[in-house]
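This report goes through one protein chain, from a single residue out to the whole fold and back to a few further positions. Please keep the sequence and the structure in view while reading.

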Amino acid sequence: MKLLVAAHASELVAFEADIPGFERVLTGVGKIPAAFALTRALCAGEYEEIVVVGTAGAIDDAVEGGIYDIAGAIQHDVKGLDGTFGEHVSLPARVDTGHEGLIIATGDHFVDDADTVALIRGLGARLVDMESYALIWVAQQFGVPVRILRAVSDRAQDGATELWDVVVERCSHQLRAEFRNRYGV
C-alpha cells in the first residue's frame with residue numbers, strides 16, 4: 001500500500017476518492033500540520049511509498065509551468081544560532097528524497113514578493129511551498145521512501161495568493177494525469 005498526500009483539498013479535486021493501492025491523507029497547510037498528519041498516518045499504517053502531490057511557486061524564471069519532481073528541500077523561514085538564513089538550529093539544512101529533480105524551499109508563509117524571492121533564490125531553491133521539508137523529514141524518520149510532485153501554480157511574486165485560488169484546479173488535473181502516467185491508476 002502507498003500513501004497519497006496533499007496539503008489542501010483543492011489540490012486533490014481531480015483525484016478520485018478511492019485509488020487502488022493507495023490510501024490518502026490531507027495534511028493541512030504548513031510545516032507543523034504536515035508533520036503532524038504524516039506522523040499520525042505513519043504510526044497508524046505501513047506504507048511502501050509516500051507520494052505527495054500539490055502546488056508550488058516558481059522562483060526561477062527558467063522554471064516553466066508543469067509538474068516537477070522534488071530532489072530535496074530547504075527551509076526559507078529559519079535562521080541558525082549564528083543568524084545564518086536558511087539554517088535551523090538543530091535540523092539539517094537540506095533533506096533529500098533520493099530522486100532527481102528540483103530543490104524546493106519550504107516556509108510557513110505564502111511567498112508573493114520579489115524581495116523574498118531574491119533572498120530565497122540565494123539558498124539554491126527553484127520552487128517554494130509550505131510542506132515539502134517537513135514531509136521529507138518525517139518520511140526519513142520512519143524510513144519510508146517519499147516522492148514529491150509539484151505543479152507550478154504561480155511565479156511567487158505580487159498577486160500570487162490570488163492567482164493560486166484560480167489555477168489550483170488546473171494544477172490538480174495536471175497532477176492527476178502525471179500520477180496516472182507514473183502509477184497506472
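Which residues does Ala139 touch, not counting residues up to four places away in sequence? The model is a predicted one, and in it Ala139 touches Leu38, Leu42, Ile50, Val144 and Val146.

## Ala139 and helix H3

Ala139 is placed in helix H3. Is Ala139 buried or exposed? Ala139 has a relative accessible area of 0%, so it is buried. Ala139 belongs to a list of buried residues in H3 that also holds Ser132, Tyr133, Ala134, Leu135, Ile136 and Val138. Just after H3 comes Gly143, which takes a positive phi of about 70°.

A residue can also be placed by its distance from another one. Between Ala139 and Glu178 there are 39 residues of separation in sequence and 22 Å in space, taken from C-alpha to C-alpha.

## Where H1 meets H3

Two of the residues touched by Ala139 are Leu38 and Leu42, and both belong to the part of H1 that makes the contact with H3. Helix H1 covers residues 31-44 and helix H3 covers residues 132-142; their axes come within 8 Å and cross at roughly 25°. Angles under 35 degrees count as roughly parallel, so H1 is roughly parallel to H3. The crossing of these two helices is right-handed.

Which residues make this contact? On the H1 side they are Lys31, Ala34, Ala35, Leu38, Thr39, Leu42 and Cys43, and on the H3 side Ala134, Leu135, Val138, Ala139 and Phe142. Sorted by class, the contact has ten nonpolar residues, one polar residue and one charged residue. An α-helix has 3.6 residues a turn, so residues three or four places apart point the same way.

## The chain as a whole

How many helices and strands does the protein chain have? There are four helices and eight strands. Read from the N terminus on, the elements follow the order β-β-α-β-β-β-β-α-β-α-β-α. The radius of gyration is 15 Å, close to the 16 Å that the globule rule gives for 185 residues, so the chain is as compact as a globular protein of that length.

Along its principal axes, the C-alpha trace spans about 45 × 35 × 25 Å. Of the 185 residues, 51% count as buried. Taking contacts between residues at least 6 apart in sequence, 73% join residues at least 24 apart.

Val51 lies in strand E3, which runs over residues 49-58. With a relative accessible area of 0%, Val51 is buried. Which residues is Val51 in contact with, leaving aside its neighbours within four places in sequence? They are Leu3, Leu4, Val5, Phe22, Arg147, Phe179 and Tyr183. Val51 and Pro145 are 94 residues apart along the chain, and their C-alpha atoms are separated by 8.7 Å.

Ile67 lies in strand E4, residues 67-75. Its relative accessible area is 23%, so Ile67 is partly exposed. Apart from neighbours within four places in sequence, Ile67 is in contact with Leu149, Arg150, Ala151, Gln174, Leu175 and Glu178. Ile67 and Phe15 are 52 residues apart in sequence, and their C-alpha atoms are 16 Å apart in space.

Where is Ala14 placed? Ala14 is in the loop between strand E1 (2-6) and strand E2 (22-26). Ala14 counts as buried, at 15% relative accessibility. Leaving aside neighbours within four places in sequence, Ala14 is in contact with Ser172, His173 and Arg176. From Ala14 to Arg94 the separation is 80 residues in sequence and 31 Å in space, C-alpha to C-alpha.

Thr116 sits in helix H2, which covers residues 114-121. Buried means under 20% relative accessible area, and Thr116 is buried because its value is 18%. Not counting residues up to four places away in sequence, Thr116 touches His109 and Val111.

Terms used:
Residues are numbered from 1 along each chain as its sequence is written. This is a predicted model: local features need pLDDT of at least 70, side-chain atom pairs count only at pLDDT 80 or more; totals for chains, interfaces and linings use all residues. Side-chain values use heavy atoms; hydrogens and water are left out. Axes are lines fitted to C-alpha atoms, for helices over the stretch in contact, and angles run from 0 to 180 degrees between N-to-C directions. Angles under 35 degrees count as roughly parallel, over 145 as roughly antiparallel, 65 to 115 as roughly perpendicular and the rest as oblique. A crossing is left-handed if the near helix is turned anticlockwise from the far one by less than a right angle, and right-handed if clockwise. Contact means heavy atoms within 4.5 Å. Ala, Val, Leu, Ile, Met, Phe, Trp, Tyr, Cys and Pro count as nonpolar, Asp, Glu, Lys and Arg as charged, and the others, Gly among them, as polar. The radius of gyration is taken over C-alpha atoms; the globule rule is 2.2 Å times the number of residues to the power 0.38. Buried means under 20% relative accessible area, exposed over 50%, partly exposed in between (1.4 Å probe, protein chains only).
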